[in-house]
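Good morning, and thank you for coming. I would ask you to keep the sequence and the structure in view while I speak.

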There are 2 protein chains.
Amino acid sequence: MKLFASPQDCETAFYEALEKSDLEAMMAVWADDEEVMCIHPGGARLVGHAAVREAWRRLFEGGARLTVHVGQIVAMQSMMMATHSVHEFIAVRGEARPAAPVIATNVYVRSGGGWKMVLHHGSPSARVEAPPPPEGRPKVLH
Amino acid sequence: MKLFASPQDCETAFYEALEKSDLEAMMAVWADDEEVMCIHPGGARLVGHAAVREAWRRLFEGGARLTVHVGQIVAMQSMMMATHSVHEFIAVRGEARPAAPVIATNVYVRSGGGWKMVLHHGSPSARVEAPPPPEGRPKVLH
């Protein structure tokens, strides 16, 4: 089982897995728990490791290659739980227009010595400022 | 300063304040912190007590009387932080059609002996099941 030393490590792995459409890497980020929750933009709330996995499997099987930039992180952390709010800028490679920005809330818990994701709630927002042009962009992921 | 003995007490007060359009009761729910965050459905992310207050003030000044039902709560709690995921069914009194269901993530932290809200992230979802008819409805708020 992969262990993440901090919520940020876990978050970085989450967005790397998303960018690579790597299902095993994605599910290594999530707690193996019946109460994990994932809300994809506009979608229903998925509850439980199996339901969350199945939704990512379907998303990834389309084979779209994504470019993911994450910015404006606001983090709140206690000993055993952490909440990050981020803005996601996701583009499908080969498509001229980026998708609408997404505001995401990511919640992590610490257990067994490592941090895992327990909640991802993404929602589209037309009212998020577009990221600055590439040269000045604070690129979290490569 | 109002203290809430549990995240659930805080959440109940949040939805009661929403239903009453009571700005002071609403802000008594929130931590007095520069990092509190509120995302209204489809809106931008508001950060900080002052920005969150101003948005609620504007929402409430319209004087709409709301009926709020909250259900399907999934709660995760550690010693100092708690995360609740809920479905909100909000209707404006006098309007025949309810608004779209909202999926909300609410995060609470414990400090100074009480619990306060630090994050509310609401997003509309057409893919949430409508609540059961009133007679069978698990009504959390009155």
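This is a predicted model: local features need pLDDT of at least 70, side-chain atom pairs count only at pLDDT 80 or more; totals for chains, interfaces and linings use all residues.

Let me begin with one residue, Ala126(A), which is located in the segment that follows strand 6 of chain A. Is Ala126(A) buried or exposed? Ala126(A) counts as exposed, because there are 9 C-beta neighbours inside 10 Å. In sequence, Ala126(A) and Ala100(A) are 26 residues apart, while in space their C-alpha atoms are 6.4 Å apart.

For the complex, the predictor reports an ipTM of 0.88 and a pTM of 0.89. Chain A has a mean pLDDT of 88, with 91% of its residues at 70 or more. Residues 135-142 of chain A, however, have a pLDDT below 50, and this stretch makes 14 contacts in the model beyond near neighbours in sequence.

I turn now to the contact between the chains. How many residues does the contact take from chain A and from chain B? The contact takes 27 residues from chain A and 27 residues from chain B. On the side of chain A that touches chain B, at least two residues come from each of strand 1 (37-39), strand 2 (45-47), strand 3 (66-77), strand 4 (81-92), strand 5 (102-111) and strand 6 (114-124) of chain A. That side of chain A is made up of 15 nonpolar, nine polar and three charged residues.

Val109(A) is buried, since 23 other C-beta atoms lie within 10 Å. Setting aside residues up to four places away in sequence, Val109(A) touches Ala31(A), Met80(A), Met81(A), Lys116(A) and Val118(A), and also Ser78(B). Val109(A) and Ala82(A) are 27 residues apart along the chain, and their C-alpha atoms are separated by 6.4 Å.

Next, the nonpolar core. The largest nonpolar core has 66 residues. Which of its residues touch the most other members? They are Tyr108, Met117 and Val118, in each case from chain A and from chain B: Tyr108(A), Met117(A), Val118(A), Tyr108(B), Met117(B) and Val118(B). Apart from its neighbours within four places in sequence, Met117(A) is in contact with Cys10(A), Phe14(A), Val29(A), Trp30(A), Ala31(A), Asn106(A) and Tyr108(A).

Two of those partners bring us to helix 1. Helix 1 of chain A covers residues 7-20, which is 14 residues, and its first and last C-alpha atoms are 20 Å apart, close to the 20 Å expected at 1.5 Å a residue. Its buried residues are Pro7(A), Cys10(A), Glu11(A), Phe14(A), Tyr15(A), Ala17(A) and Leu18(A). In general, an α-helix has 3.6 residues a turn, so residues three or four places apart point the same way. The buried residues of helix 1 of chain A pack against helix 2 (23-29) and against strand 3, strand 4, strand 5 and strand 6 of chain A. After helix 1 of chain A comes Ser21(A), with a positive phi near 50°.

Helix 3 of chain A, residues 49-61, has 13 residues and reaches 18 Å from its first C-alpha to its last, close to the expected 18 Å. Helix 3 of chain B, residues 49-61, likewise has 13 residues and reaches 18 Å.

Within helix 3 of chain A we find Trp56(A). Trp56(A) is buried, because 20 other C-beta atoms lie within 10 Å, and 20 or more is the cut-off for that class. Beyond its neighbours within four places in sequence, Trp56(A) is in contact with Leu23(A) and Met26(A).

Finally, a backbone detail in strand 3. Gln72(A) lies in strand 3 of chain A and has a positive phi of about 50°, although it is not a glycine. Gln72(A) counts as partly exposed, with 16 C-beta neighbours inside 10 Å. In chain B, Gln72(B) lies in strand 3, has a positive phi of about 50°, and is partly exposed, with 16 other C-beta atoms within 10 Å.

Note on methods:
Residues are numbered from 1 along each chain as its sequence is written. Chains are lettered from A and ligands numbered from 1 in the order in which they are written. Two residues are in contact if their C-beta atoms, placed from the backbone, lie within 7 Å. Helices (H or I, at least four residues) and strands (E, at least two) are DSSP runs, numbered from the N terminus. Ala, Val, Leu, Ile, Met, Phe, Trp, Tyr, Cys and Pro count as nonpolar, Asp, Glu, Lys and Arg as charged, and the others, Gly among them, as polar. pLDDT is the predictor's confidence in each residue, from 0 to 100. The expected span of a helix is 1.5 Å times one less than its number of residues. A residue is buried if 20 or more other C-beta atoms lie within 10 Å of its own, exposed if 12 or fewer, and partly exposed in between; C-beta atoms are placed from the backbone. A nonpolar core is a set of buried Ala, Val, Leu, Ile, Met, Phe, Trp, Tyr and Cys residues joined through C-beta atoms within 7 Å.
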